[in-house]
Amino acid sequence: MEQEVKYRHELKYEISRAQVQMLRSRMMGVIPADPHAGPTGVYTIRSLYFDDYDDRCMKENENGTDPREKFRIRIYNGSADRIRLECKRKERGKTHKDSCPLTREQTEALMAGKILPDIAAQPPLLQKLTAQMMTRRMHPVVIVQYDRIPFIYPLGNVRITLDVNIASSRDIGRFLDPEIAARPVLGLGRELLEVKYDEFLPDFIYRSLQLPSLRQTAFSKYYICRKYTR
């Protein structure tokens, strides 16, 4: 039997740097920090996004197309020790993410826009990207990088993240470098709050997240980075 695809709620809010510090203090008092963030409570995410030669992914984001998908390769803290290919799908206001591991050699080939060999032996998600590279000329277009302050709560599978220093780069060939030069894409002191959960968000977490003038936004890091990176 096919496994049921599970979608999650994903709410986004643009906030100030001062509000980041306020929410971080509140979250530390009510739910655990993600242990993957280590002793500092922060890790760096770097993603390499793909689009076709018609920029369909960017246009679908701009037009609010439903459903829509985006492919990306993701690493953490500038390290190539753990590389994941991900496909994020948004449908009816919810999101679903599929992923599979990549080797450094596979990643370097994809960075160069090359079709990987032995298609039949690839994981299904990599086969899907390969097919789109062959039929839609899907290729890497932009690097998105930011620092994440994550908190988790098992009941409801809740994940609260504060994303700061959102920046982008078109220097695709340096994606796997320990450090890259990247350009900030938001106004000074502007950051992002993301609230993710499955069926429900516990009320005590909801109350802790309340801020004056907090309004949900249709924010896409990929779209913003493509728009302001030429």
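Here are some questions and answers about this predicted model.

Me: How many residues line the largest pocket, and which lie nearest its centre?
Reply: Let's start with the space itself, which has a volume of about 1,200 Å³. The lining is made of 47 residues. Those nearest the centre of the largest pocket are Glu10, Arg72, Lys88, Lys97 and Lys196.

Me: How many residues of that lining are nonpolar, polar and charged?
Reply: Several elements contribute, and β1, β4 and α6 are among those that each supply at least two residues of the lining. Sorting the lining residues of the largest pocket by type gives eleven nonpolar, twelve polar and 24 charged.

Me: Is Asp118 buried or exposed?
Reply: Find Asp118 in the loop between α3 and α4. Its phi is near 55 degrees, a positive value in a residue other than glycine. Exposed means over 50% relative accessible area. Asp118 has 61%, so the answer is exposed.

Me: What is the phi of Ser213?
Reply: Most residues other than glycine have a negative phi. Ser213, in the loop between α5 and α6, is exposed, with a relative accessible area of 65%. Although Ser213 is not a glycine, its phi is positive, at about 65 degrees.

Me: How many aromatic pairs does the structure hold, and why does the pair of Tyr49 and Tyr222 count as tilted?
Reply: The structure holds three aromatic pairs. In the pair of Tyr49 and Tyr222, the ring centres are 5.1 Å apart. Planes under 30 degrees apart would be stacked and those over 60 edge-to-face. The planes here are at 35 degrees, so this pair is tilted.

Me: How many residues apart are Tyr49 and Tyr222?
Reply: Tyr49 and Tyr222 are both buried. Tyr49 sits in strand β2 and Tyr222 in helix α6, so-called distant parts of the chain.

Me: What kind of pair do Tyr153 and Phe204 form?
Reply: Tyr153 is in strand β6 and Phe204 in helix α5, 51 residues apart in sequence. Their ring centres are 5.3 Å apart. Since their planes are at 80 degrees, the pair is edge-to-face.

Me: Which residue lies over the face of Tyr146?
Reply: Over the face of Tyr53 lies Arg137, at 4.4 Å from the ring centre. For Tyr146, the distance to the ring centre is 4.5 Å, and the residue is Lys221.

How values were computed. Residues numbered from 1 in each chain as written. Predicted model: local features only at pLDDT ≥ 70, side-chain atom pairs only at ≥ 80, totals over all residues. Heavy atoms only, no water. 1 Å grid on protein atoms, 1.4 Å probe; cavity = no way out; pocket = protein on both sides within 12 Å on 5 of 7 lines; lining within 4 Å. Points joined across faces, edges and corners; volume = space filled by probe spheres on them. Helix = DSSP H or I, 4+ residues; strand = E, 2+ residues; numbered from the N terminus. Nonpolar A, V, L, I, M, F, W, Y, C, P; charged D, E, K, R; others polar. Buried < 20%, exposed > 50% of the residue type's maximum accessible area, 1.4 Å probe, protein only. Phe/Tyr/Trp six-rings, centres within 6.5 Å; stacked < 30°, edge-to-face > 60°. Lys NZ or Arg CZ within 6 Å of the ring centre and 35° of its normal.
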